[in-house]
Structure formats: structure tokens, C-alpha cells
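Dear colleague,

I am passing on the structure we spoke about, and below it you will find my notes on what turned up. Please read them with the structure open beside you.

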Amino acid sequence: MAIQKRTDQNISVIARAGCGKTTTIVQLVYRLLGHKDKSLLLKGSKQQEEIWERGCSGPTPSNIQLVSFGTRSVDDIKKKLKIEDRRVAVKTVHGFGRSI
């Protein structure tokens, strides 16, 4: 798994199938939103912990946009994201484009 922090506000997580990208991103969202519920927060690998640390460096975001290519992956993210929060939007690339 590789992380690229492209700007102060955008992070890309790049890895092959089955590496835990979705779990890593969902866990980052929990941390960004300040969740303390132990049932939601997982202990991660060294790479995941680095992603969470780098992702949480800086101010708390007022909203979070999760953008993925296909509807199946968007549905998977929504299913794994076990919270409802109006600050979090999960969309396909096309849905994101339409919202701009």
C-alpha cells in the first residue's frame, strides 16, 4: 500500500485489490471525525497507522468527500462506514462531477 499526500488537503491511497484500502480509508474518516468508540476504531498495520497519522495532521475538516470509480465500491464504502454523518459524502467520480 502506498500513500501520496498530494496537497495539504488531499490524500491518495494506492494498492492492489484486497490490501485493505477501503478499511484504511473508513478508519481514517472515523479518526478525522474524532470518534472515540472502541468498537469502530481498529489497530492497523504500520502503513495504515502512518496513513492515519498523516491524514489527521492538520485542521479537522468541515466535510469529507470520498470518491471512487464504480457504484459497487461506493456501496462497499457506505456499508463499511457504520455511521451516518452529514459531513461525509461518498460518491462515484461521475456523481462527484455532477455535484460541482
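**Salt bridges**

Arginine 87 and aspartate 85 are joined through their side chains by a salt bridge with an N to O distance of 2.8 Å, where a salt bridge means a side-chain nitrogen of Lys or Arg within 4 Å of a carboxyl oxygen of Asp or Glu. Please keep in mind that this is a predicted model, in which local features need pLDDT of at least 70 and side-chain atom pairs count only at pLDDT 80 or more, while totals for chains, interfaces and linings use all residues. Residues are numbered from 1 along each chain as its sequence is written, and side-chain values use heavy atoms, with hydrogens and water left out.

Arginine 87 counts as partly exposed because its relative accessibility is 28%; on this scale buried means under 20% relative accessible area, exposed means over 50%, and partly exposed is what lies in between, with a 1.4 Å probe and protein chains only.

The search of the whole structure found 3 salt bridges. Another of them links arginine 54 to glutamate 50, with the closest N and O atoms 3.4 Å apart; these two residues are 4 apart in helix H2, and so are separated by about one helical turn. Helices here are DSSP runs of H or I with at least four residues, strands are runs of E with at least two, and both are numbered from the N terminus. Arginine 54 is partly exposed at 31% relative accessibility, and glutamate 50 is partly exposed at 38%.

In helix H3, lysine 80 and aspartate 76 are likewise 4 residues apart, about one turn of the helix, and they form a salt bridge whose closest N and O atoms are 3.7 Å apart. Lysine 80 has a relative accessible area of 34% and is therefore partly exposed, while aspartate 76, at 28%, also counts as partly exposed.

**How the helices cross**

Helix H1 (residues 21-32) and helix H2 (residues 46-55) have axes that come within 10 Å and cross at roughly 40 degrees, the axes being lines fitted to C-alpha atoms, for helices over the stretch in contact, with angles running from 0 to 180 degrees between N-to-C directions. H1 and H2 are therefore oblique to each other, given that angles under 35 degrees count as roughly parallel, over 145 as roughly antiparallel, 65 to 115 as roughly perpendicular and the rest as oblique. H1 also packs against H3, at an angle of about 50 degrees and with the axes 10 Å apart, so H1 and H3 are oblique as well.

**Loops and surface**

Leucine 81, in the loop between H3 and strand S4 (88-92), is buried, with a relative accessible area of 9%. Its C-alpha atom is 9.4 Å from that of isoleucine 25, although the two are 56 residues apart in sequence. Lysine 43, in the loop between H1 and H2, is by contrast exposed, at 76% relative accessibility.

Phenylalanine 69 is found in the loop between strand S3 (64-68) and helix H3 (71-80), and it counts as exposed because its relative accessibility is 75%.

With kind regards
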